[in-house]
Every structure is written in C-alpha cells, then in structure tokens.
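Visitor: I am new to this structure and would like to learn how to read its strands, one step at a time. Could you guide me through them?

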Amino acid sequence: MQKTLVRRLATLAMIPAALFGALAVAAPAEAATPSFTTLQTQIVSLSNKERVKAGCAGLRVNAQLLWAARGHSKYMATTGKFSHTGSAGSTFIARARSAGYSAARSENIAWGYRSAAEVVNAWMKSPGHRRNLLDCGAKTFAVGVVFSANGNPYYTQDFGSR
C-alpha cells in the first residue's frame, strides 16, 4: 500500500505544473527552487530571447555540449570549486572534446542563483559573460545545472561553433 502511494506521488510530481493551472499555486515564501531540468530549459529560453533582442539567431541545444556542461557543473557542485578549470586541470575546450564536440567556443559559469532569470540577468550584467551569450558566431549551446549537497545550484553554459 505504502509503495503504491509513493509511486503515485512520484508520478504526479512528473506531471507539468501547467496541467494543474490555478489549482496549485504556491505563495512566494513557499516557492521551492526549480528542478535542474526546469532551470536548464528556462535558461536556454531566456538566453535565446536575449540573443534575438541583440540581433543574433537563437541557438540549438547540443547533446554533447550538454554532457560537458553538466559534467563541469557536477565537478563544481561536488568539490565546491567555482572555476572554469575543471577536474585534472581541464578547460571547457578539453571537456567538450571529451564529450565528442570539437568546436567549443566559450563558457559561462555561475552558482547560487535560485532562478533562471537571476542567472541570465547576472551573465548579461557581466561584460565577458554577456559577450559569450551574445556572440552571433555561436551556433549551438547547452546549459548544465547540478545542485551541491547543501542545495546550491551550479551552472555551466557552453557555446559551440557548429
């Protein structure tokens, strides 16, 4: 009985909130940090909106860059190290190549922000991150979000030329 209830609750948790409409509205104080998949999807959407506003084309998500970005976010979340330098001194170019992508272009990282809008706004206010995000020469990208043991989200956004 209890296992069945747990399975049903887990299944309900996977149903998009949009299906429930106004039935389940959390008060701001009760709102939880979104899941990593929700954050990744929202950051992709917000990043592409910023690109289009600046006159660049929206980018396609690349599965290989996603693998590299999530791997670096996992490294940062696990070690607590916030850096573009990863495991064994790796660079974003080496991580992309290791994931099978040979045209890495740039990388943005962030940590601690609780919403996609906060992350993208912070990147847009930073000259280097903004330059990466609005680089019209980029063709693909991906965003990897991983939560540390204490709940802090770590973000990696990798861009590519093909």
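Predicted model: local features only at pLDDT ≥ 70, side-chain atom pairs only at ≥ 80, totals over all residues.

Guide: One of the places to look is Ala110, whose bridge partner in E4 is Tyr155.

Visitor: Which strand pairs with E4 over eight bridges?

Guide: That is strand E3, made of residues 140-147, and its pairing with E4 is again in the antiparallel sense. To follow the pairing residue by residue, find Val146, which stands opposite Tyr154 in E4, and then Thr140, whose bridge partner in E4 is Gly160.

Visitor: How many residues lie between E3 and E4 in their hairpin?

Guide: Five residues lie between them, and in that turn Gly151 has a positive phi of about 95°.

Visitor: What is the order of the strands in the sheet?

Guide: The sheet is open and has four strands, in the order E1-E3-E4-E2, with mixed pairing. Strand E1 (60-61) and E2 stand at the edges and each has a single partner strand, so one side of each is left without a neighbour in the sheet.

Visitor: Is strand E4 largely enclosed or largely exposed, and why?

Guide: A residue counts as buried when its relative accessible area is under 20%. In strand E4, which spans residues 153-160, eight of the eight residues are buried, so the strand is largely enclosed by the rest of the structure. Both of its faces are covered, with Pro153, Tyr155, Gln157 and Phe159 buried on one side, and Tyr154, Thr156, Asp158 and Gly160 buried on the other.

Visitor: Which helices lie across E4?

Guide: Helix H2, residues 36-53, lies across E1, E3 and E4, and runs at about 145° to E3. Helix H5, residues 116-125, lies across E2 and E4, with an angle of about 120° to E2.

Visitor: What can be said of Phe159 by itself?

Guide: Phe159 has its place in strand E4, and with a relative accessible area of 1% it is buried.

Notes:
Residues numbered from 1 in each chain as written. Heavy atoms only, no water. Buried < 20%, exposed > 50% of the residue type's maximum accessible area, 1.4 Å probe, protein only. Helix = DSSP H or I, 4+ residues; strand = E, 2+ residues; numbered from the N terminus. Pairing = 2+ DSSP bridges. Contact = heavy atoms within 4.5 Å. Axes fitted to C-alpha atoms, helices over the stretch in contact; angles between N-to-C directions.
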